[in-house]
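Here are my notes on this model, in the order I'd go through it on screen. Have the viewer open while you read.

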Amino acid sequence: MKFAIQVNEGPYTHEASDTAYLFTRAALEKGHEIFRVFFYHDGVNNGTNLTTPPQDDRNVTNRWSELAAKHNLDLVVCVAAAQRRGIVDEGEMKRNGKSAQNIADGFRISGLGQLIEAGIQADRLVVFGD
Amino acid sequence: MLHIINKSPFERNSLESCLRTASKGSTLLFIEDGVYAALEGSAKADTLRQAMQDYTVCVLEPDLAARGIAAKAMDGIKRVDYAGFVDLVAESERVQSWL
């Protein structure tokens with residue numbers, strides 16, 4: 001079955017990004033397809049590569065990146081939410097005259113249409129948030 | 001239909017909102033702080049016992065265990081792990097997260 005995942009909450013906030021990750025992993029382990037993970041609202045903060053959590057804590061961003069690399073996942077960050085919160089890729093850096101980029105490996109910035117498409121294409125859309 | 005509740009009934013009214021609209025025969029799944037709804041003897045226990053007449057009630061076991069209340073959950077609640085969570089979603093044509 002095809003699943004789409006929406007993450008509305010940032011890492012280290014409550015538990016939604018952890019649950020979303022563990023659910024996504026469990027779905028893949030059961031042989032389901034993850035059509036897309038869409039990061040919306042504060043969820044875009046999952047996609048910054050500038051975080052340095054303590055060594056004995058989980059690294060939420062790296063965990064997503066590693067899962068994406070292993071299973072060829074499409075991790076999409078909402079562009080409008082990203083612009084507000086300073087999640088920047090090379091294109092956004094140039095377009096908006098910023099001095100740096102910080103999008104983590106495996107993530108890409110795109111629009112809300114990607115969420116709509118995921119809702120249409122996937123058999124199930126599961127939302128995790130605050 | 002699957003209804004996912006992720007906040008404590010002592011913090012938000014998402015459980016009440018869900019119960020107001022969920023049709024009979026639906027499944028409720030408590031995750032994250034939502035698992036506090038499953039606590040035996042709490043002020044919400046009667047609400048949940050009533051809900052169990054009309055709905056299948058499930059709880060994410062790892063989130064119960066993380067809060068140290070795995071032994072204190074009410075009888076009649078189905079415990080699932082993440083694989084079971086995935087199965088519930090796959091079995092349900094529609095999934096609503098009460099955020």
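1. Conventions. This is a predicted model, so to speak of local features we need pLDDT of at least 70, and side-chain atom pairs count only at pLDDT 80 or more, while totals for chains, interfaces and linings use all residues. Residues are numbered from 1 along each chain as its sequence is written, with chains lettered from A and ligands numbered from 1 in the order in which they are written.

2. Chain A, the overall fold. You'll find five helices and five strands in chain A, counted as DSSP runs (H or I of at least four residues for helices, E of at least two for strands) and numbered from the N terminus. Along the sequence the pattern reads β-α-β-α-β-α-α-β-α-β. The radius of gyration of chain A is 14 Å, close to the 14 Å from the globule rule for 130 residues, so chain A is as compact as a globular protein of that length. That radius is taken over C-alpha atoms, and the rule is 2.2 Å times the number of residues to the power 0.38. The C-alpha atoms fill a box of roughly 40 × 35 × 25 Å along the principal axes.

3. Chain A, burial and contacts. Of the 130 residues, 43% count as buried (20 or more other C-beta atoms within 10 Å of the residue's own; exposed is 12 or fewer, partly exposed is in between, and C-beta atoms are placed from the backbone). Among contacts between residues at least 6 apart in sequence, 75% join residues at least 24 apart; a contact here is two C-beta atoms, placed from the backbone, within 7 Å.

4. Chain A, the sheet. Five strands form an open sheet in the order E4-E3-E2-E1-E5, with parallel pairing (strands pair if DSSP finds at least two bridges between them). E4 (107-110) and E5 of chain A are the edge strands, each pairing on one side only. On average, neighbouring strands are turned by 25° against each other, direction ignored. H1(A) packs on this sheet, touching E1 (2-7), E2 (33-39) and E5 of chain A, and its direction makes about 170° with that of E1(A). Axes are lines fitted to C-alpha atoms, for helices over the stretch in contact, with angles from 0 to 180 degrees between N-to-C directions. E3(A), residues 75-78, pairs with E4(A) over four bridges, and Cys78(A) stands opposite Ser110(A).

5. Two backbone angles to look at. Tyr12(A), in the loop between E1 and H1 of chain A, has a positive phi of about 60° although it is not a glycine. His41(A), in the loop between E2 and H2 (60-71) of chain A, has a positive phi of about 50°, and it is not a glycine either.

6. The A-B contact. Chain A brings 17 residues and chain B eleven. On the chain A side, H1(A) gives the most, with five residues.

7. Chain B. Here too there is an open sheet of five strands with parallel pairing, in the order E4-E3-E2-E1-E5. E4 (78-80) and E5 (95-97) of chain B each have a single partner strand, so one side of each is left without a neighbour in the sheet. Three bridges join E3(B), residues 56-60, to E4(B), where Arg79(B) is the bridge partner of Val59(B).
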